[in-house]
Amino acid sequence: MIWTINSLIVISLQGLITKRIIRKVEPLTALGLGILFITIGIASLFFAQSFFHLILSGGVFVIGEMMILPTIDSTISQLSKGELIGLFFALSNVVYGLGEAGGKSAGGRILGVGENALTPVFIYTTLGLVLIVVVTLLKKWQPLRQSLQQASSKENKPKDAPRLPSEPGQHRTHPVNRWEPEVFFRKKPRTE
């Protein structure tokens with residue numbers, strides 16, 4: 001049930017958040033807002049006394065994710081050079097995976113250590129606020145600020161986009177030598 005509600009929130013609000021917030025603010029501001037929503041969602045999770053409060057906390061968390069994830073992808077694609085974009089995305093995914101693994105491991109230990117219900121809330125809230133301060137300091141860092149300004153002024157599509165053929169090669173050793181475009185409800189030819 002929770003995953004269904006999570007999906008409904010993403011489907012119904014992603015376009016609105018992208019149009020109203022992400023496109024109108026700097027990328028680092030969107031990251032800071034996303035971190036703030038995630039922090040509020042996690043902190044309020046500890047005070048949830050009913051299923052409705054649990055869903056509300058999860059919804060706030062998901063809104064934060066919807067601000068962060070597209071912003072990161074967009075920023076990476078704008079800041080990287082065309083020939084290195086795959087490397088930049090790969091490094092981003094490695095860092096994301098390491099952070100997710102470390103966060104889940106540390107989060108489980110914090111929950112296990114915290115006999116007092118406010119200890120994990122205090123730790124999570126403090127870490128969220130520290131991340132917001134780090135993002136705010138990054139906004140003031142001049143080299144990153146200049147790179148983001150240059151990236152926002154250039155056209156979004158690459159100048160020399162790679163072109164791939166829409167059908168397999170016609171070489172006689174190609175495994176799909178008799179390729180035909182897919183048509184729905186077509187009778188498949190018999191191979192003899």
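Buried means under 20% relative accessible area, exposed over 50%, and partly exposed in between (1.4 Å probe, protein chains only). This is a predicted model: local features need pLDDT of at least 70, side-chain atom pairs count only at pLDDT 80 or more, and totals for chains, interfaces and linings use all residues. Residues are numbered from 1 along each chain as its sequence is written, and side-chain values use heavy atoms, with hydrogens and water left out.

View 1. Helices (H or I, at least four residues) and strands (E, at least two) are DSSP runs, numbered from the N terminus. The order of elements from the N terminus is α-α-α-α-α-α. Of the 192 residues, 22% are buried. Contact means heavy atoms within 4.5 Å. Among contacts between residues at least 6 apart in sequence, 68% join residues at least 24 apart. The chain exposes about 14,800 Å², and carbon and sulfur atoms supply 66% of that area. Accessible areas come from the Shrake-Rupley method with a 1.4 Å probe; for residues, only the protein chains shown count as cover.

**View 2. Helix 4 buries Ser92, Gly107 and Ile110.** These buried residues pack against helix 3 and helix 5. Helix 4 has 29 residues and reaches 41 Å from its first C-alpha to its last, close to the 42 Å expected at 1.5 Å a residue. The expected span is 1.5 Å times one less than the number of residues. Serine 92 has 18% relative accessibility, so it counts as buried. Leaving aside neighbours within four places in sequence, serine 92 is in contact with Ile72 and Ile76.

**View 3. Helix 3 and helix 4 pack at an angle of about 145 degrees.** Their axes are 9 Å apart. Axes are lines fitted to C-alpha atoms, for helices over the stretch in contact, and angles run from 0 to 180 degrees between N-to-C directions. From helix 3, Leu69, Ile72, Asp73, Ile76 and Ser77 take part. They meet Ile85, Phe88, Phe89, Ser92 and Tyr96 of helix 4.

**View 4. Helix 5 spans residues 118-140.** Its 23 residues reach 33 Å from first C-alpha to last, close to the 33 Å expected at 1.5 Å a residue. Pro120, Val121, Tyr124, Gly128, Ile132 and Val135 are buried in helix 5. The buried residues of helix 5 pack against helix 2 (27-45) and helix 4 (85-113).

**View 5. The largest nonpolar core holds nine residues.** A nonpolar core is a set of buried Ala, Val, Leu, Ile, Met, Phe, Trp, Tyr and Cys residues joined through side-chain atoms within 4.5 Å. The members are Leu28, Leu31, Ile35, Ile38, Ile68, Ile132, Val135, Leu144 and Leu148. Helix 2, helix 5 and helix 6 (142-153) each supply at least two residues of this core. The largest share, four residues, comes from helix 2. Isoleucine 35 touches Ile68, Gly128, Leu131, Ile132 and Val135, not counting residues up to four places away in sequence.

View 6. Valine 62 sits in helix 3 (residues 51-79). Valine 62 is buried because its relative accessible area is 5%. Valine 62 touches Asn6, Ile9 and Val10, not counting residues up to four places away in sequence. The C-alpha atoms of valine 62 and isoleucine 38 are separated by 7.4 Å, with the two residues 24 apart along the chain.
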